[in-house]
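Trainee: Could we go through the reasoning behind some helix labels together?
Mentor: Gladly, let's take them step by step.

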Amino acid sequence: MFIINAVVLAIFWVLLMALPEFVLTQFEAETYVSTLYAVRFIGGALLMGGLLLWFLQDISAKKQKVVAFLLLAGSVGGFVMGLLGMTSIGVLRANGWIPLV
C-alpha cells in the first residue's frame with residue numbers, strides 16, 4: 001500500500017511542478033504568480049511524502065501498521081481542519097471541495 005501511495009504522490013508532484021497552471025485551471029482557481037509558487041511548494045511537500053512512504057516499505061509489518069494509522073489520523077485531522085476553515089470564511093466554491101478530498 002505504501003508503494004501505491006508513493007507512486008500517486010510522485011504523479012501529483014510531477015503535475016504540480018511541471019504544469020501548475022493546468023492544475024490550477026482544473027480547480028478553477030486564479031493563476032497569480034504567488035499561487036503558482038504555492039502550488040510548486042505543495043508539490044515539493046508531496047515529493048517528500050512520497051519518498052518517505054517509498055523508504056518505509058522495508059520496515060516491519062508492525063511498524064508499518066503504526067505509520068499507516070498515524071498517516072490516516074493526520075489526513076482525517078487535515079480534512080476536518082480544512083473543511084472548518086473553508087466553511088467558516090465562506091470560500092467554498094463549486095469545486096472547492098476537491099482539494100479536501
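Mentor: We start with a cut-off: buried means under 20% relative accessible area, and exposed means over 50%. Keep in mind that this is a predicted model.

Trainee: Which residues of α1 are buried?
Mentor: In α1, they are Phe2, Ala6, Leu9 and Leu16. These residues cover an arc of only 90 degrees around the axis, so they sit on the same side of α1. On the other side of α1, Ile4 and Ala18 are exposed.

Trainee: What do the buried residues of α1 pack against?
Mentor: Their partners are α2 (20-26), α3 (33-55) and α4 (61-89).

Trainee: Why does Val7 count as partly exposed?
Mentor: Val7, which lies in helix α1, has 42% relative accessibility.

Trainee: What makes α1 roughly antiparallel to α3?
Mentor: The two helices pack at an angle of about 160 degrees, with their axes 8 Å apart. Angles over 145 degrees count as roughly antiparallel, so α1 is roughly antiparallel to α3. The crossing in which α1 passes α3 is left-handed.

Trainee: Which residues meet there?
Mentor: Among them are Phe12 and Trp13 in α1, and Leu46 and Trp54 in α3.

Trainee: How does the reach of α1 compare with the expected one?
Mentor: Helix α1 (residues 2-18) reaches 24 Å from its first C-alpha to its last, close to the 24 Å expected for its 17 residues at 1.5 Å a residue.

Technical notes. Residues are numbered from 1 along each chain as its sequence is written. This is a predicted model: local features need pLDDT of at least 70, side-chain atom pairs count only at pLDDT 80 or more; totals for chains, interfaces and linings use all residues. Side-chain values use heavy atoms; hydrogens and water are left out. Helices (H or I, at least four residues) and strands (E, at least two) are DSSP runs, numbered from the N terminus. The expected span of a helix is 1.5 Å times one less than its number of residues. Buried means under 20% relative accessible area, exposed over 50%, partly exposed in between (1.4 Å probe, protein chains only). The arc is that of the directions from the helix axis to the C-beta atoms. Contact means heavy atoms within 4.5 Å. Axes are lines fitted to C-alpha atoms, for helices over the stretch in contact, and angles run from 0 to 180 degrees between N-to-C directions. Angles under 35 degrees count as roughly parallel, over 145 as roughly antiparallel, 65 to 115 as roughly perpendicular and the rest as oblique. A crossing is left-handed if the near helix is turned anticlockwise from the far one by less than a right angle, and right-handed if clockwise.
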